[in-house]
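Here are a few friendly notes to read alongside the model.

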Amino acid sequence: MAVLSASAVFSRPCAGRRAPSRAARRAGAPLSAAMAPRRVMATASAVPPGVTPPIVGTQAPDFKATAVFDQEFIDVSLSQYRGKYVVLFFYPLDFTFVCPTEITAFSDRHAEFAALNCEVLGVSVDSEYSHLAWVQTERKAGGLGDIAYPLVSDLKKEISRAYQCLDEAEGTALRALYIIDKEGKIQHATTNCLAFGRNPDEVIRVLQAITHVQENPDEVCPAGWQPGDATMLPDPTGSKEYFSAL
């Protein structure tokens with residue numbers, strides 16, 4: 001059984017911080033109040049009736065559920081991972097076709113996620129008994145074998161619905177993926193249709209970019225950014241420094 005809670009206040013922590021001018025930076029001037037991090041706060045009552053607010057930038061809905069890990073049933077909650085990044089991904093069903101390729105791909109790269117202070121959780125609407133049977137099936141037979149992170153049971157579909165990725169007509173989750181930061185806020189979300197899977201390489205790249213801008217809040221990462229690449233300052237003058245070096 002999954003137990004959910006979510007904040008009624010939606011913030012936008014992913015809003016960038018305005019960088020000081022080049023002259024101010026050279027002079028070592030402190031950030032003024034106008035240059036402080038910008039946050040847009042809106043209560044649920046400010047959202048027009050019938051409109052679902054964007055999930056990115058909000059507090060991730062907490063949950064408690066049963067999962068399978070190391071061929072055992074365990075209790076997990078999102079809040080237990082506070083202080084770490086979390087990659088939370090949903091998939092439609094156990095014993096299907098694209099799903100095992102994704103689940104094992106993330107498992108095979110788990111050490112790279114762990115090195116980035118990140119935990120991985122997979123979720124579907126199957127029971128924990130189905131998860132266990134799938135883990136106990138070898139990969140060559142379409143199973144998973146042992147995997148390096150928990151598979152969460154969302155049998156009542158409460159978690160999928162809270163994360164806005166449940167296909168109500170089909171009763172299964174779409175291929176949705178969320179990167180949740182150390183404070184429990186959703187910084188990234190993607191959703192695929194069922195016919196094509198996701199790439200752990202891109203998830204790791206985005207996670208690295210999120211980590212970088214959170215550790216360096218005066219910078220932003222351009223398209224395709226990789227660790228070691230140049231970043232830019234999000235203002236007309238600072239951005240010219242980046243573009244002039246291309």
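1. A word on terms first: contact here means heavy atoms within 4.5 Å. With neighbours up to four places away in sequence left out, Val87 touches Phe113, Cys118, Glu119, Val120, Leu121, Leu177, Tyr178, Ile179 and Val203.

2. Please keep in mind that this is a predicted model, in which local features need pLDDT of at least 70 and side-chain atom pairs count only at pLDDT 80 or more, while totals for chains, interfaces and linings use all residues. Residues are numbered from 1 along each chain as its sequence is written, and side-chain values use heavy atoms, with hydrogens and water left out.

3. Val87 is also one of the residues that touch the most other members of the largest nonpolar core, which has 25 residues; Phe89, Ile103, Phe113, Tyr149, Leu151 and Ile179 are the others. A nonpolar core is a set of buried Ala, Val, Leu, Ile, Met, Phe, Trp, Tyr and Cys residues joined through side-chain atoms within 4.5 Å. Buried means under 20% relative accessible area (1.4 Å probe, protein chains only).

4. Which helix gives the most to this core? Helix 6 does, with five residues. Helices are DSSP runs of H or I with at least four residues, numbered from the N terminus.

5. Apart from this core lies another, of 22 residues, including Val152, Tyr163, Cys165 and Ile180.

6. Arg198 counts as buried because its relative accessibility is 11%. Its side chain reaches the backbone oxygen of Phe90 at 2.8 Å, and a polar atom of that side chain lies 2.8 Å from the backbone oxygen of Ala176.

Note on methods: Buried < 20%, exposed > 50% of the residue type's maximum accessible area, 1.4 Å probe, protein only. Helix = DSSP H or I, 4+ residues; strand = E, 2+ residues; numbered from the N terminus. Polar contact = N/O pair within 3.5 Å; in protein donor to acceptor, adjacent residues only side chain to side chain.
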